[in-house]
Amino acid sequence: MKAILLPVTLLAVLLAVVAASSIDPALNEDWEKWKLLHEKQYTEEEEIVRRMVWEKNFRFIEYHNLEYMKGKHTYDLKMNHFGDLTLEEFNKLMNGFRLPKSRNSTEHLLKFRESVEIPQEIDWREKGYVTPVKNQGSCGSCWAFSAVGALEGQTFKTTKKLVSLSEQNLVDCSWEQGNAGCRGGWMENAFLYVHKNNGIDSEVGYPYTGREGLCAYKSAYKASRCSNYYFVPQGNEQALAQAVAQVGPVSVAVDATHQSFMFYHSGIYYEPNCQTYLMSHAMLVVGYGSEHGLNYWIVKNSYSTQWGNQGYILMSKDRDNNCGIVTHAVFPVILD
C-alpha cells in the first residue's frame, strides 16, 4: 500500500488535536496561574505543545516531592519559570559553561596546605561580599556572572565597597581571550581579560542586555581590576573549603544538566546521576556549612530569585565531588 503524505500544515493540526486530547483538565487552573505569574503568551498551536511540556515537568516535580516526603531525597523541587521548557531546551538556553580541554598551566594552581585550620562554617553574604542575585536571561553567560561574582567579592575585600560589576562587559569584550558571549565561556578567561584590560566596568556604567554586542568598555566606569587567578586542585573539597574560607567567594562549574537541578527549590542538592567531568553551568560558592549531619556548599546562581531558594542552592559537600563542584573551581586575586 502506498503511504499517504499529509501537507505539513494538516499534519501539525492533527498532532495538535492528538496532543490536546492528552491534556489533563484537572490542571487547567494551575496552568493558567502559572502563565499569569510568569507572563507567558503563546499562539494556539504553541500553547498545546508548551502545556504538554509543562504537565510532564509538573508530574516530575510532584513525584519527586512525594519521594522527598518519604525521606528518599534531601531536597525538594518547585515549578518555576522554566516550566514550559524541555530539559534539552533548558540546557541549550541556560547552561553556557564550556568545558576546557586542559588548564592553561600549573603556575595558576592554588597551593593547598592540609594543616591550615578553617571555620566549620562561613557565609560571605553576611560579611558584605555578595551582591543580590542576578538574572542571565536566555543567554548562556553563566560564566560571566560567576566570574563577576568572584570579582565583586575580592573588590569588597580590597576596598570595603560592594559594587555590582558588569557581566555585559565580559560578554561583549572577552572574545580575544577565548570566550564566546552568550554561547559560553570560562571564568579564568574572564579574569584574564580584566587583567589585560586593566579593569572592568560597573553594572551601572555598562548594563546587562542579555545578548551579544560590540565592546563598549569605558575606563570612566572602571570599578575593579584583576591581578591574577588561581585554580583549586581538582576534586579536592578540602582545598575548596580552604579557598572559600581564606579568600572569599569562588567561581565553580557543575553538571547542571538534570531535571532535578532545573526545578530545585530547597534542601541539600545531591544528584546520583551527576558527572564529575561534564560540567555545563558556572556559579559562585559563597560559603559552606552543615545541617542534620550533611555538609553543603552555599552557591549563588544567576537564574533570578524565581529559581531555587531565592536564587541560591545548597550543593552537597564532601560527597565525592558531587556534580563536579571542585573539578573547575577558580578565583581571582586583586593586589593592592
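**Helices, a buried threonine and a strand**

Let me begin with helix H3, residues 44-69, which has 26 residues and reaches 37 Å from its first C-alpha to its last, close to the 38 Å expected at 1.5 Å a residue. Please keep in mind throughout that this is a predicted model. After H3 comes Gly71, a residue whose phi is positive, near 85°.

Now I turn to helix H4, residues 87-94, and ask which of its residues are buried. They are Phe90, Asn91 and Met94, and because they cover an arc of only 95° around the axis, they sit on the same side of H4. What, then, covers the buried residues of H4? The cover includes helix H5 (142-159), helix H9 (259-262) and strand S8 (281-291).

Asn91, which lies in helix H4, deserves a word of its own, because buried here means under 20% relative accessible area and Asn91 has a value of 19%. If we leave aside its neighbours within four places in sequence, Asn91 is in contact with Ala256 and Thr257.

Next, look at Thr131, in the loop between strand S2 (122-123) and H5. Is Thr131 buried or exposed? Thr131 is buried, because its relative accessible area is 5% and the cut-off is under 20%. Not counting residues up to four places away in sequence, Thr131 touches Glu152, Leu162, Val163, Ser164, Lys300 and Tyr312. With one of these, Glu152, the side chain of Thr131 makes a polar contact of 2.7 Å. Thr131 and Leu314, by contrast, are 183 residues apart in sequence and, C-alpha to C-alpha, 18 Å apart in space.

Leu314 brings us to strand S10, where it is the bridge partner of Ile298. Strand S9, residues 294-300, pairs with S10 in the antiparallel sense over 5 bridges, whereas strand S7, residues 264-269, runs parallel to S10 and is joined to it by 2 bridges. In S10, Met315 is the bridge partner of Tyr269.

Conventions: Residues are numbered from 1 along each chain as its sequence is written. This is a predicted model: local features need pLDDT of at least 70, side-chain atom pairs count only at pLDDT 80 or more; totals for chains, interfaces and linings use all residues. Side-chain values use heavy atoms; hydrogens and water are left out. Buried means under 20% relative accessible area, exposed over 50%, partly exposed in between (1.4 Å probe, protein chains only). Helices (H or I, at least four residues) and strands (E, at least two) are DSSP runs, numbered from the N terminus. The arc is that of the directions from the helix axis to the C-beta atoms. Contact means heavy atoms within 4.5 Å. The expected span of a helix is 1.5 Å times one less than its number of residues. A polar contact is a pair of N or O atoms within 3.5 Å; within protein, one must be able to donate a hydrogen and the other to accept it, and residues adjacent in sequence count only if both atoms are side-chain atoms. Two strands pair if DSSP finds at least two bridges between them.
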